[in-house]
Amino acid sequence: MVKVYIDGQEGTTGLKILERFKGRNDIELLKIDEDKRKDVNERKKFINASDFTFLCLPDAAAREAVALADSDHVRIIDASTAHRTNPDWAYGFPELSPEHREKIRASKRVANPGCYASGFISLVYPLVKAGLIPADFPVFAYATSGYSGAGKKAIAAYESENKKPQELLSPRQYALNMNHKHLPEMQLISGLSCKPMFNPIVDNYYSGMVVSVPLQPKLTGISCTPEQVREALYENYKDAKLIE
């Protein structure tokens, strides 16, 4: 039976993983005592006793947790942004290419992709790979998502039974300083030479996301047609079971 430990199991991501594992009889979930969740020695014991450890922690805490792993068999899957651009870690998007799948299969360290980043990279990576857009193309991306990924405080604000502030009732732009935490992986994994212009919007619904990347050939000088875009996406994902 596979032993799984979730470091940070009381957070939003940790609780969601626990929900996914509910009812599984092929997994033994290692549960740390509530009063020892922040005990370094106790966490180290659980991490090294597991076959798989999921890190559902802030970036700094995720880096500290990785340093606790001294067993040569434990595989770590990190849900934070801490290791997504680290070349020693596999980027956990197996559908992107055979190379990504193989690195994930062989690696003891896998960085889970960001949500916006998954949408963006799934569109841009195949087009850069196929040569339809150059690496230095001025990529723009627009995205709208629900509030479930905004953290506990934001979720509580959106779901409060009290009267909500007016700004929570309609779509809100944010990260206007162009320092969104997903930008480094969006650039690196897609193969772009500069970070894209990214306009994320959060709206008053729980979950679900749309990511759009307009190409505008006449304005930007590239020469790709809708048919070429579709063909590039089809060729890249034709063997990927989870992508339509």
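Two strands are taken to pair if DSSP finds at least two bridges between them. Helices (H or I, at least four residues) and strands (E, at least two) are DSSP runs, numbered from the N terminus. The model is predicted: local features need pLDDT of at least 70 and side-chain atom pairs count only at pLDDT 80 or more, whereas totals for chains, interfaces and linings use all residues. Residues are numbered from 1 along each chain as its sequence is written, and side-chain values use heavy atoms, with hydrogens and water left out.

**View 1**
Strand 7 (residues 140-145) and strand 9 (residues 197-202) are parallel and share 6 bridges. Within this pairing, F140 is the bridge partner of M197, and A141 that of F198. Strand 8, by contrast, pairs with strand 9 in the antiparallel sense over 2 bridges, where R172 is partnered by V202. Strand 9 is largely enclosed by the rest of the structure, because 5 of its 6 residues are buried (under 20% relative accessible area, with a 1.4 Å probe and protein chains only).

**View 1. Helix 5 and the largest nonpolar core.**
A nonpolar core is a set of buried Ala, Val, Leu, Ile, Met, Phe, Trp, Tyr and Cys residues joined through side-chain atoms within 4.5 Å. The largest has 32 residues, and F120, I121, V124, I133, V139 and L215 have the most contacts inside it. Helix 5, strand 7, helix 7 (183-190) and helix 9 (226-237) each supply at least two residues of this core; helix 5 gives the most, with 8 residues. Apart from this core lies another, of 17 residues, among them Y5, L30, I32 and A62.

**View 2. The surroundings of I121.**
Contact means heavy atoms within 4.5 Å. With neighbours within four places in sequence left aside, the residues in contact with I121 are Y91, L96, P126, E185, M186, I189, S190 and Y237.

Strand 1 (residues 2-7) and strand 3 (residues 52-55) run parallel and are joined by 4 bridges; F54 in strand 3 is the bridge partner of I6.

**View 3. The crossing of helix 2 and helix 3.**
The axes of helix 2 (residues 40-49) and helix 3 (residues 59-68) cross at roughly 65 degrees and come within 9 Å. The contact is made by V40, R43, K44, I47 and N48 of helix 2 together with A61, A65 and L68 of helix 3.

Terms used:
Buried < 20%, exposed > 50% of the residue type's maximum accessible area, 1.4 Å probe, protein only. Axes fitted to C-alpha atoms, helices over the stretch in contact; angles between N-to-C directions.
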